[in-house]
Amino acid sequence: MLWLILGLVLGAGVYWLVTTEKVKLTWYEWVLVVVGVILLLYGIENYSASQLELEPRAGGFLLLIFGLPGLILAAVAGVLAFLRAKKA
Amino acid sequence: MPESLTRREFMKELGKLGAVASLAPMVHLEEQASDKAVGLQRPSFIKTQDEPTSGVDWANVNRYAEFNTVRRGFTKYVGEDEANRLSEVRSANLDKWLKEGKDGYTLLDLAMQSGAGSGGVSRSFIGPQKAKTPEDLGVPKWEGTPEEASMVVTTALRHLGAATVGFVELDTNTTEKLIYSHDPDGVELRIEDADQPEETEEYRLIPKKARWAVVYTVQMSEETMTRCPTPIGSMTTSLTYRRSQNIQERLQEFLRGLGYMGIGEASTNALGIAPAFGVMAGLGELSRLNRLITPEYGPMVRVFKLLTDLPLAPTKPINAGIWDFCHDCLKCAEMCPPKNLSFGDATWEVRGGWNNPGHEAFFENSTACRSYWYSVGTNCGICFTVCPFSSKNLASFHRFRNSVAAKTRMFNKAFVSLDDLLYSPYRDQPETPQKSAASWWKQNMPDYGIDTYQTVRETS
């Protein structure tokens, strides 16, 4: 169920990014978003699997180690696109 | 088919057609089974090879007497006075900690330890000999190719509770030397030309025709052993031994039912050197613990073996990068309270009479290990618990780490540091269990506290 929800959210997000007129990402912003989302998903996968392993402490660290850089990369792409849109 | 059919004849012929149709997939499966090599379903980074990763000089390997291990020969190595003193320390500590309600030593924990150590049939060299043989049933004994035999034995063993299964063909100049010269009870193990195994007070006779060793692991619970060194942490070891007793007897009876002999361990840790058989069967690699570490469960297994005259397809030693990883990782040695594990590189020099020469290993000071057991009043297991390969492997990071470690040693130290962060909150206090024993009672664990999903035998 977790992956179904994540898939729907991700699909909706990609659809919005591709179709919206408000934000147009450059190629390197797309790279940042894709790498960021992959890292974030990897962090979530390790977090949820660690809960099943009865290792919540490790899960938290793994989410932090992989998820946080992923979130930062995606946020950097978002900020760059926002600033460009504001300037235009 | 008759030209004109009655309703009854029509149904009869239809039944025949149905039988042929339903048998077709079975015939197909039989063909597949005989064509397909049997092995564990393992990731491609685990390579098989002809020789183990740890060196063996077979010319200098001799059959070893089990009673020289520290398990049986502790008093011989430390002296009777020291053994008696340690026994008194153990009794006093257990009494004190029970009354203090120390974590892991409460009445609840001790009762669970007693419960887990109970049950299980008695081990037997030749098994109960009760199953009907093919001769009793008036049919020829089961025959198949070695690959088919390996497949059915693996399937049977996994259903009976084993985790991973491998096979070693005994050779007089090499692998046969891994059979003990004497069992733990001092009884000699003789290997001679004979039709059937035999057991007397002086010797146990292994017929030369019993050329195949079935080697199998039985999982311990990582989650439980994380509470070591305490009675509750040690309990999974006892439970696994009890489970293995039933597995051995059932395997012996299964083989008897097929028309073959099943020569088992007459007592715990009897018959042969378990880690060595595990390495030769490709179930894992030797390690800094001087025990077997498997790719699937790390060191969190016990290893067992049984001899048979049913021809089996041998499985090869493996290289999963574990032996190399141990050269870069000192975690178990650093966290071992009595510092009995090796801090150096692997060597051919043994540390004492409890080691068998002729192979390369991280030899340990076993007497220091066993003395520590007395002081904590139970077996230890810290080295098993803190090993990075003891991870439960549901989180994909562990599979990533294992695949990288199998290919390069470059990141091994980084993986150890990360393991410290993730799983060893008490890295600097190794005698403190990494998780509280009290929390064990609140965990929602699977059967036996183990994950049986990993390592499904290759079937397609």
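Colleague: What pattern does chain A follow, read along the sequence?
Modeller: The pattern is α-α-α. Keep in mind that this is a predicted model.

Colleague: And how many helices and strands is that for chain A?
Modeller: Three helices and zero strands.

Colleague: What box do the C-alpha atoms of chain A fill?
Modeller: Roughly 50 × 25 × 15 Å, taken along the principal axes.

Colleague: How much of chain A counts as buried?
Modeller: Chain A has 88 residues, and 28% of them count as buried.

Colleague: What about its accessible surface? How much of that belongs to carbon and sulfur atoms in chain A?
Modeller: The accessible surface of chain A comes to about 5,700 Å². Carbon and sulfur atoms hold 81% of that.

Colleague: Which residues form the nonpolar patch on the surface?
Modeller: Among them are A:Trp27, A:Tyr28, A:Leu64, A:Ile65 and A:Leu68. Chain B is in there too, with B:Leu421. Together the patch residues have about 1,100 Å² of accessible area.

Colleague: Which elements give two or more residues to the patch?
Modeller: In chain A, α2 (27-52) and α3 (56-87) do. α3(A) gives the most, with seven residues.

Colleague: Take A:Leu64. Where does it lie, and is it buried or exposed?
Modeller: A:Leu64 lies in helix α3 of chain A. It counts as exposed because its relative accessible area is 51%, and the cut-off for exposed is over 50%.

Colleague: Switching to chain B. Where is B:Arg211?
Modeller: In the loop between β5 (203-207) and β6 (212-219) of chain B.

Colleague: Is B:Arg211 buried or exposed?
Modeller: Buried. Its relative accessible area is 15%, and buried means under 20%.

Colleague: What does B:Arg211 touch?
Modeller: Leaving out residues up to four places away in sequence, its contacts include B:Glu169, B:Asp171, B:Glu176 and B:Thr308. B:Val168, B:Leu170, B:Thr172 and B:Ile191 are touched as well.

Colleague: Now the helices. At what angle do the axes of α4 and α8 of chain B cross?
Modeller: Roughly 10°. The axes of α4 (residues 107-116) and α8 (residues 231-258) come within 8 Å.

Colleague: So are α4(B) and α8(B) roughly parallel or roughly antiparallel?
Modeller: Roughly parallel. Angles under 35 degrees count that way.

Colleague: Which residues make the contact?
Modeller: From α4(B), they include B:Asp109, B:Leu110 and B:Met112. From α8(B), they include B:Pro231, B:Ile232, B:Met235 and B:Arg242.

Notes. Residues numbered from 1 in each chain as written. Chains lettered and ligands numbered in written order. Predicted model: local features only at pLDDT ≥ 70, side-chain atom pairs only at ≥ 80, totals over all residues. Heavy atoms only, no water. Patch = residues over 30% accessible without salt bridge, like charges linked within 9 Å, V, L, I, M, F, W, Y side chains within 5 Å. Areas by Shrake-Rupley, 256 points an atom, 1.4 Å probe, with all protein chains shown as cover. Salt bridge = Lys/Arg side-chain N within 4 Å of Asp/Glu carboxyl O. Helix = DSSP H or I, 4+ residues; strand = E, 2+ residues; numbered from the N terminus. Buried < 20%, exposed > 50% of the residue type's maximum accessible area, 1.4 Å probe, protein only. Axes fitted to C-alpha atoms, helices over the stretch in contact; angles between N-to-C directions. Parallel < 35°, antiparallel > 145°, perpendicular 65-115°, else oblique. Contact = heavy atoms within 4.5 Å.
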